[in-house]
Amino acid sequence: MSVLAVLLAAIGAADLIGRRIFSGFLVVIVGLLLVGAGWNTLWLAPLLAIAVFAWIVGARSESFAGISLLAVYTVVLIALSEQLSFDDLPIQGWYDDLDIPSLATVPFDRFALGLGVILFLTTAANVVVREVLTLTGPRVLEQEDDLQGGRVLGPLERWFVFGCAVTGNLAAIAIVVAAKGILRFPEISRDKPEGLRAEYVLVGSFVSWGLALAFVPLF
């Protein structure tokens, strides 16, 4: 899963820094050096850089190309996880020496994947949510101007849902869903007869939560 961690971290970092291809490519190189066996893993860099490039171009052009390629790469990397696993990681010694009790039983590849998922869920996941909302219709997406805070609340919700699901605290996820309904109720109650605000909140929330839960089986 280390290579998948690098890919997710690269895409997440590129989005955080303003969808700059150079930043994503740099994370790919550095990440492979850290989680791989050294320079001999750099043959993976062009393959991962293609996904980063497609993601950034697709996000700018509001196309599903980047999202589709990322989905394909993710499935392939999961299928090849055994063949792409590395031993004697250069960063393994540093990780093992960390004096953090809660990480003592967490393998480094799982920690790296968790970090990559968190970076992806920060802003890159907003691209996926926005693309799905675009498919529901331009009038639904226009509600973004009236319903403030979605871009800030979205990452916070996804982090919380992902963390709770990984730790098995499913009851807390139900609390998040209930709190989201209470928080948005005043705005939805002033909705027009078409129900566009409600559709925006429901579609956006379920896609956002779905992204957070999609990576949980990997842990």
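**Aromatics and surface**

Reply: Phenylalanine 206 and tryptophan 209 sit three residues apart in helix H10 (residues 196-214), so about one helical turn separates them. Helices here are DSSP runs of H or I with at least four residues, strands are E runs of at least two, and both are numbered from the N terminus. This is a predicted model, where local features need pLDDT of at least 70, side-chain atom pairs count only at pLDDT 80 or more, and totals for chains, interfaces and linings use all residues. Residues are numbered from 1 along each chain as its sequence is written, and side-chain values use heavy atoms, with hydrogens and water left out.

Me: How many aromatic pairs does a search of the whole structure find?

Reply: Four. Phenylalanine 206 and tryptophan 209 form an edge-to-face pair, at 5.6 Å centre to centre and 75° between the planes. Rings of Phe, Tyr and Trp (its six-membered ring) pair if their centres lie within 6.5 Å; planes under 30 degrees apart are stacked, over 60 edge-to-face, the rest tilted.

Me: Phenylalanine 206, buried or exposed?

Reply: Exposed, at 54% relative accessibility. Tryptophan 209 is buried, at 10%. Buried means under 20% relative accessible area, exposed over 50%, and partly exposed in between (1.4 Å probe, protein chains only).

Me: Which residues form an aromatic cluster?

Reply: Trp55, Phe120 and Phe215 form one.

Me: Switching topic, where is tryptophan 159?

Reply: Tryptophan 159 is in helix H8, and is partly exposed, with a relative accessible area of 35%.
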